[in-house]
Amino acid sequence: MSPQWAPDNLLRRFPPTHILVGEFDPLLDDSVSFARRLKGASTSSVFFRVLPGLPHGFLSFQNAIEESTEAVNTVISHLRCNLTNAPPLTEEELRKMGKVH
């Protein structure tokens, strides 16, 4: 089941959510709609960002496209923050991470 169709009572229980979507992703409109629904129903934080020029599946292009590598580093930072209660990585720390292996 797509989270797009989840009832509001379920959306209110979502954890902090980080949505990255490529500008040329065919699911862009669905991602925008879901982020809006989640922000309206959830008590958790919702981060939403459209990455210019990137297609669906852009995370698979890490180390090949700089923007994809940066996106993977952003995902790592979000997971680190939410799984360990560590503070978010700074922009400088993200840049120092360099290529993700």
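**A word to start with.** A residue is called buried when its relative accessible area is under 20%, exposed when it is over 50%, and partly exposed in between. With that in hand, Arg 37 counts as partly exposed because its relative accessible area is 24%. Keep in mind that the model shown here is predicted.

View 1. Let us begin with the overall picture. The protein has four helices and two strands, and along the sequence they follow the pattern α-β-α-β-α-α. Its C-alpha trace spans about 40 × 35 × 20 Å along the principal axes. Of the 101 residues, 33% are buried. If you look at contacts between residues at least 6 apart in sequence, 63% of them join residues at least 24 apart. The accessible surface comes to about 6700 Å², and carbon and sulfur atoms account for 57% of that.

**View 2. A salt bridge between Arg 37 and Asp 8.** The count of salt bridges in this model comes to one. Here Arg 37 pairs with Asp 8, and their closest N and O atoms are 2.9 Å apart. Arg 37 sits in helix H2 while Asp 8 belongs to helix H1 (residues 8–11), so the pair ties together parts that are 29 residues apart in sequence. Is Asp 8 buried, exposed or partly exposed? With a relative accessible area of 39%, Asp 8 is partly exposed.

**View 3. Leu 28 and its surroundings.** Leu 28 is found in helix H2, which covers residues 28–41. Its relative accessible area is 17%, so Leu 28 is buried. Which residues does Leu 28 touch, leaving aside neighbours within four places in sequence? Its contacts are Val 21, Gly 22, Glu 23 and Val 50.

**View 4. A patch of negative charge on the surface.** Four residues gather here: Glu 66, Glu 67, Glu 70 and Glu 91. Helix H3 (residues 66–84) gives the largest share of the patch, three residues. Glu 91 lies in helix H4, which covers residues 91–97. Glu 91 has a relative accessible area of 57%, so this residue is exposed.

Definitions and conventions: Residues numbered from 1 in each chain as written. Predicted model: local features only at pLDDT ≥ 70, side-chain atom pairs only at ≥ 80, totals over all residues. Heavy atoms only, no water. Buried < 20%, exposed > 50% of the residue type's maximum accessible area, 1.4 Å probe, protein only. Contact = heavy atoms within 4.5 Å. Areas by Shrake-Rupley, 256 points an atom, 1.4 Å probe, with all protein chains shown as cover. Patch = residues over 30% accessible without salt bridge, like charges linked within 9 Å, V, L, I, M, F, W, Y side chains within 5 Å. Salt bridge = Lys/Arg side-chain N within 4 Å of Asp/Glu carboxyl O. Lys, Arg positive; Asp, Glu negative; His and termini not counted. Charge placed at Lys NZ, Arg CZ, Asp CG, Glu CD.
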